[in-house]
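Here are my notes on this model, in numbered points. Please read them with the coordinates open.

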Amino acid sequence: MANNESDDRELNSYLNGNSELSNGYRSSNKQEPASHLDEAILSAAKEAVNVSNNIKQKTKAEFHKAPWVKPLSIAAMITLSVSLVVTMQQESGQPLINEFDVEILDSASIIKESAISETKLNSEDVSVTNEIESRQNKVERPGVPAPASLSATADTYRAEEKTEAPKVRIKVTPAKKMLSKGKPQFEAIEDRVFSEEQNSPSISGGVAFDDTIKLKQDRELSMQEDALLKIKALWEKGEFVKAKKTYEEFTKDYPDVSSESMKEILGYTIYNGLFED
Amino acid sequence: MLLIDSGHYRSTSDTLGIMDKGASDERLMLSYASGDAVAFEVLYLRHKAPVYRYMLKLCRNKTIAEELFQEVWMKLINARESYVASAKFTTWLYKLAHNQFIDHYRKQTVRIVEDHSTEIDDIAHDQQSTVNPEQQVQIEQSIDQLTKLLDALPNDQREVFLLREEAGMSITEIAETTGINYEAAKSRLRYAIVKLRSGLNEE
């Protein structure tokens with residue numbers, strides 16, 4: 001025990017630098033490596049750095065010389081720019097060109113195309129009918145009845161002309177999807193489509209608007225649903241006053257919505273809570 | 001930046017300015033890793049002697065010590081890009097040296113050459129040639145004595161002592177360099193000191 005203590009004392013004194021042992025060792029040991037070692041090591045160090053620098057420079061030069069670098073850089077730049085613009089547009093809440101827009105534009109072009117084809121068909125029909133009638137007249141003129149086949153064809157054409165309206169296909173986008181886009185934009189596009197529909201000669205002849213009406217109804221329903229979900233979210237956030245205010249506005253805008261539907265979306269607790277003071 | 005003058009490297013330290021005098025080892029090593037050969041020169045001049053002595057005392061053979069010494073620095077050169085500034089440079093350097101010695105020791109098994117004394121004596125003669133004969137005899141005697149005592153220490157105790165003396169390491173750093181825990185490092189150093197001191201007192 002005593003030995004350990006004295007050893008520790010000795011160690012501490014040595015570690016503090018007050019040791020004769022340490023002084024003796026340092027004064028007696030001044031050996032240094034030979035100069036040829038210095039030379040070899042320093043040369044190697046310098047060479048290693050030079051080689052490394054040369055490789056780096058060579059790699060850099062080769063990279064810039066490569067034929068694919070410029071096209072790749074341009075492609076990367078364009079990709080980055082486009083994605084940046086899209087991201088910025090999305091963040092600002094103004095989509096550059098959205099899916100719905102594209103679909104509506106597609107619908108508009110379908111309507112236009114069908115209108116054009118209908119017009120062509122009508123003109124062809126007229127010419128065919130005229131030809132049939134003229135032939136019929138020619139046949140009927142000598143007092144001989146027209147062949148049954150010709151007469152039947154003419155009748156069929158006439159009947160088809162009156163009854164068959166060109167079918168316009170409008171892609172129906174889910175109401176939810178539409179509501180996620182901006183309302184003003186939707187209305188602008190919708191107006192554009194309707195004006196095109198009205199201007200097209202074929203539609204005036206009795207085009208079915210069932211799909212368009214359905215689309216409007218879907219949109220209306222989704223807007224109601226979204227408004228209710230907004231009220232629910234406000235309530236859940238604890239913004240009760242705001243939720244009640246929004247609910248009042250909602251009931252003014254949509255007086256026909258049944259309380260059952262509202263309860264279904266809001267839940268009984270929130271719905272009842274809206275009427276409490 | 002490096003000038004060879006009749007087989008000797010002379011540092012162009014005048015041009016190094018702050019880097020030569022004040023820059024930390026870690027900063028110099030990072031400079032070297034990024035391609036500055038002058039930084040390595042400064043670093044080498046700062047540490048070459050202690051590392052050399054560490055190797056020499058550990059191996060007890062000049063030829064092997066020189067070989068290992070060179071290998072240590074070559075390893076450092078090759079591993080320059082893997083150096084992380086968070087590690088203390090001396091710890092890293094002596095870890096390389098320690099590993100180099102261990103590798104050599106394993107290869108040679110227990111083949112520690114016994115003709116070291118003459119070589120160490122030769123070096124001592126070279127160092128002390130300017131002192132008067134009486135003093136020289138005394139110095140030589142004490143060097144001989146300390147060398148013998150140091151050689152008589154087990155390898156692990158000798159290494160711990162050398163790391164303390166040559167690299168100026170704390171016990172924590174010694175433990176980190178040699179891969180042992182703090183208590184073991186402290187214990188080895190205590191044993192080494194007690195043995196060396198008692199050996200010197202006996203004489």
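1. Core, with terms. A nonpolar core is a set of buried Ala, Val, Leu, Ile, Met, Phe, Trp, Tyr and Cys residues joined through side-chain atoms within 4.5 Å. Buried means under 20% relative accessible area, exposed over 50%, partly exposed in between (1.4 Å probe, protein chains only). The largest such core has 61 residues. B:Y32, B:F40, B:M55, B:W73 and B:L76 have the most contacts inside it. Helix α3(B) supplies the largest share of this core, 12 residues. Another core, of 15 residues, lies apart from it and includes A:M223, A:L234, A:Y247 and A:M262. In soluble globular proteins, nonpolar side chains tend to be buried together.

2. Basis. This is a predicted model: local features need pLDDT of at least 70, side-chain atom pairs count only at pLDDT 80 or more, and totals for chains, interfaces and linings use all residues. Residues are numbered from 1 along each chain as its sequence is written, chains are lettered from A in the order in which they are written, and side-chain values use heavy atoms, with hydrogens and water left out.

3. Contact here means heavy atoms within 4.5 Å.

4. Chain A. The secondary structure comes to 12 helices and zero strands. Helices and strands are DSSP runs, numbered from the N terminus (helices: H or I, at least four residues; strands: E, at least two). Chain A has 277 residues, and 29% of them are buried. Take the contacts in chain A between residues at least 6 apart in sequence: 72% join residues at least 24 apart.

5. Chain B. There are 10 helices and two strands. From the N terminus on, the order is β-β-α-α-α-α-α-α-α-α-α-α. Of the 203 residues in chain B, 48% are buried. For contacts in chain B between residues at least 6 apart in sequence, 62% join residues at least 24 apart.

6. Interface extent. In all, 46 residues of chain B are in contact with 38 residues of chain A. The two chains bury about 4000 Å² between them, with 62% of it on carbon and sulfur atoms. Buried area is the accessible area (1.4 Å probe) that two parts lose on being put together, summed over both.

7. The rule finds two salt bridges across the interface of chain B and chain A. A salt bridge is a side-chain nitrogen of Lys or Arg within 4 Å of a carboxyl oxygen of Asp or Glu. The side chains of A:E32 and B:K48 form a salt bridge, at 3.8 Å, N to O. On the side of chain B that touches chain A, α3(B) gives the largest share, 10 residues.

8. B:R60. This residue is in the loop between α3 and α4 of chain B. Most residues other than glycine have a negative phi. B:R60 is buried, with a relative accessible area of 12%.

9. B:E173. Leaving aside neighbours within four places in sequence, B:E173 is in contact with B:K88, B:T91 and B:G168.
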